[in-house]
Amino acid sequence: MGKTEKGKSSFFQKNSQLLVPLIALMLLVIFNLIRDPGFFSIELVNDNAGNPVLQGNLISILNGASELAILAMGMTLVTAASGGQDISVGCLAAIAGSVFIKVLKSGPITPWLVLGGVAACCLVAMCFGAFNGTLVSVFRVQPMIATLILFTCGRSIAYWINGGATPTVESDIVKAIGGFIPGFPIPAPILIVVLMGIFFALLFRFTTLSMYLQAVGINNNAARLNGINAVGVKLLAFVLLGLCCAVSGVIATGRLQLVNHETLLINIEMDAILAVAIGGNSLGGGKFKMIGSVIGAYIIQALTVTLYAMKVSSTDVKAYKAVVIILLVVLGSPVVKRWFGSMRNKLAVAGSRKEAA
Amino acid sequence: MDNGTVLTMRGISISFPGVKALNRVNFTLREGEIHALMGENGAGKSTLIKVLTGVYAKDEGTIEIAGIPGHITIHSPQEAQRLGISTVYQEITLCPNLTVAENMYIGRGKGMGVPWKKMYREAGALLDSLGIPARPRQLLKTCSLAVQQMVAIARAVDTQCKVLILDEPTSSLDDREVEMLFGLMRDLKARGVGIIFVTHFLDQVYAVSDRITVLRNGELVGEFETAMLPKVELVSKMMGKELEGLADVAPKRDAEEEQAKVYYQAEGLSSTESKPFDFRIREGEVNGFTGLLGSGRSECVRTIFAADRVTGGRVTVEDKPVTINKPIKAMRNGIGYLPEDRKRDGIVADLSVRENIILALQVMKGFFHPFSRKKAEAFADEYIKTLDIKTASTDTPIGSLSGGNQQKVILARWLLTHPRYLILDEPTRGIDIGTKTEIQRLILKLSQETGMSITFISSEIEEMLRTCSRLIVMRDRNIVGELTGDELTQDHVMYTIAGGGN
Amino acid sequence: MSGIRFPFPRKDREPITDTTLLMSVTIGIFGGLYVAAMLVFGGGFLKPQQIFTMLNENAFLIIISCSLTVVMITGSIDISVGGVTALVAMVDVMILNGKLWPQAEMNDGTRILCAALMAIGIGLAFGAVQGFLVAHLEIQPFIVSLAGMFFARGMITIISVEPQKTAGAIKTMLEQRIEIPWLGSPNKKGVMIPAKMEIGVIIALVIVAAIYLILRRTRLGRSFYAVGGNQQSALMLGINVRRTRFMAHLISGLLAGIAGFVFMMHTGAGNATNATASEMNAIASSIIGGTLLTGGVGNVIGTFFGVLTLTTIKNIVMSSGLTKPWWQSITTGAMLCFFILLQSVLLKVRTTLQSRKEGAEKDRIGD
């Protein structure tokens, strides 16, 4: 019996953590289709400038979740290596956005300047990431506590960089980052998510990062005694998260072509942590699946869009979201899993008894 | 239940997914006896204990306790405690952030408040009467491991228990402390407490126990009077076969006499945890650090591997001066290190057997050169076969393997790096006799056939005498002697440890 | 202290615990900061009213910091407290201004009583549900309380989109101040103004004292420490870990409810953005007061001074002429960073010293 099962269930055994999020995503889709069969229809229209663009709820879910998906990728790494979460990602994104705009304001906007701006804000965000990482890895401060510092003052730093204003830029290039690249119908943020996904896939394929992160997260001592630079690995995770913050900060800035330190990606740190948890990853660190977190991010966005479509106001959404989240995590909780496991065992035993009879 | 019996377990069965951990096991404990529970790893000792303490729920069987009519079911450790069953585990299960007295009294008694004064007074009296060197108001984490263990026993003693379970209580104690513990056990026995004593140390079983129950593969082998059961027979009952003597272990080679090349040499090497010491090992030599627990033997080898922060000293590898201040540098100089504490420093529990095996070699190969899945699979398969590691697949998380098999995986990890010099710190602790013998054979084979230098540490002096050609004796964190050739006898080692060496 | 003589020489005093050490450092720094502010800025800092204003403004923060301290000692976390505070404030204001249950005939006293009961009820409900999810279903407390926060914040706007205010006689009743003439100080015209303290401050101080006693004197309190120190060991020591964790969250919820009532008494307004990010301020205060997020270490007295320290820093920044809006939180962040590093270094040095001492003792015995 054991052997037949082995062949059959290998995918679900290896990816069992994705089961609940995938089912949740499916249920959301089915629910929406029942409610409104045309909910996921996509149409190709021309925008004001005459460029072809794709429109529809599906596109707006994918597009709207871009920043969250990117942050969830980085958050997964930090969670895996440090067993804690970074609550400063929204603030870091705000700082990155401010730096981006600050650079753009320094001269006439050329593609090179935009590139320089992106590079500068990535660098700044990665430095702040390294600051968080140093507190966590060298001074062994709990990640949540360490990042509480930037959580407290990050948005004020952004305000300071902005010089007490909410600066705007007029630029087609910046507009394209948060909207559409002229002539290409898929929103640019979706493309950036794909690029980031490819970046991490390559990183995992061509380096040992994934194994190191997990080893450090599961047993720091053992990792160190096997020659892994545990401090460095944790630091790297935070720096990579800093990069993710910068990228999502640039996208968010591009959407409005302005940076408001107060509202830019407000409360997104909570959603990013949620995405990691909904994706079936343990917040205690160790083994992880980045794809799970990305699915988690899309679940959150799909839920939000669904609620909006049901005429729930944007401030009320939180309460409904909370209920769904609790349902999801209850289904994924160890106790409920054990219960399902024992139910399955009992069914199997009953089945084999029947067979024997 | 007849008189004088405090505990009867009949037909206990329990199964976990895929394993029958206990199969219709019986166990009886009399009043005022010390009853050893023996068996190799995976025999079901811990499972039986956990059924009795309410950690696991049994599938079948009955439990009876003197003074309580009818069959009982134990749902939780608290309930076990209320029924008069107390347990002292191998790993300290106390709270490090509370005081000694709190650790002795928390979780029992009634009422809302904590009577601090009374608690401190009673704790002080009890600690004094048992001769335990701890102060009631002291934070537990400031006590040594051995004292923490004794506090745990003091707690168990004070609960007026009928059944006291000691689950490998001696593995972190030195001989003097073991004697003290035995005194305590005999004292309790005289008071009529039934003691279940789980241990791997045969000598200790014969020193204190009255009867022995042997388990094997989750089944009951039998219950015996200790005096009636010769040691050899006990071992064969535990292993299920006649003991293969170690006589066929090839004679060891004395590298010192052969004047083989020195592989590793250290002068005045010290770390934050160890005092400066000199050390050298020749190619193909097997030597060892010996001494009581806490004598600094583990700290010395940790310093060689740079597991603790190195603070000074000169090191040469193959006569070339090198700096080894990080584990990775030691690894690059051909040194491997199997740590003393497997759980804390060795295994990466949630990762698969495969990943655990390739970990060290992967780190040496570098961050930008990951092994392909196929290559990793091949490595893992090779060593699973060579070392006969019992695992369902290479994907199984190492944490779900038995202790002995985990140890083999860690050994495989280091053998895969093809080290020139391998340090094994207590590779045989807490694993069954069969695997122990295998590991000893492997050590000698490696040194003789591949010229690997090996430093071996074990609490069992016999084991070291059998394998090492040179023993470095330590006492109180200093090297107090070096024994070779004819000096390698148990008496001589003891004599040196005790301080008569010079 | 006591006259008991031990049978053999025993040190009468133990070295102070980590909790006490971290707490004393905080109290010391708070004292230093305050005295420095008195010397440098004088003015308001010299008046006792300054302290009372700090307390009046932060009574609710002191209360939710206490709840954070309790859950953090147990090795858990509760970030829903800010949301619960805001939700309770909104519900209470609507009870008091008659928007909720308008048809019910109630006099002002009954309405206030209703509001207080409602505050406790909502708090307990949040605490019980979250406690159940954390303790019995073993879900990560961070996620549970995050959902709790979302739920509370969402409920506020579901109940009322518009901000609500108390008015009339009830407003005056709630705004009653306790006057302490002998701690008064003269105003510009030389007239003595007595020091004023809000009722909420009394509630907060009573809660600090109660939680201190619970943590120190009751079995439940000690099990909080045990569970936070080592959950597995606590279980083996016969502590009902589930019940303990549940109780920690229940207490946390209850306190958050009370905090909501106190907040409402102070502001008299219900608003979706009430007490924003106060959960993080509460965590920061607990940490500054010497509570560790890892569990098992902490003390509410420290937390109390943690709140005062944070507020003093803000006051100092305001008095020092750094008037740009960002300086306050940047300084707070820097100060938080300082405290976190200080604690990390202090504990590290302590462990090193201790292991050195142990080594030396071993050597002495060896010789």
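Predicted model: local features only at pLDDT ≥ 70, side-chain atom pairs only at ≥ 80, totals over all residues.
Residues are numbered from 1 along each chain as its sequence is written, and chains are lettered from A in the order in which they are written.

Let's start with the two partners. Chain A is divided into domain 1 (51-311) and domain 2 (316-349), with bounds from an automatic or database domain assignment. Here are some values for the pair.

| Item | Value |
|---|---|
| Distance between C-alpha centres | 29 Å |
| Buried area | about 740 Å² |
| Share of buried area on carbon and sulfur atoms | 85% |

Buried area is the accessible area (1.4 Å probe) that two parts lose on being put together, summed over both. On the domain 1 side, A:Ile278, A:Leu303 and A:Leu307 lose the most area to domain 2, together 51% of what that side buries.

Now for the contacts (heavy atoms within 4.5 Å). Domain 1 brings 10 residues, which touch seven residues of domain 2.

Across this interface there is one salt bridge, a term for a side-chain nitrogen of Lys or Arg within 4 Å of a carboxyl oxygen of Asp or Glu. The side chains of A:Lys321 and A:Asp271 meet in a salt bridge at 3.5 Å, N to O.

Technical notes. Heavy atoms only, no water.
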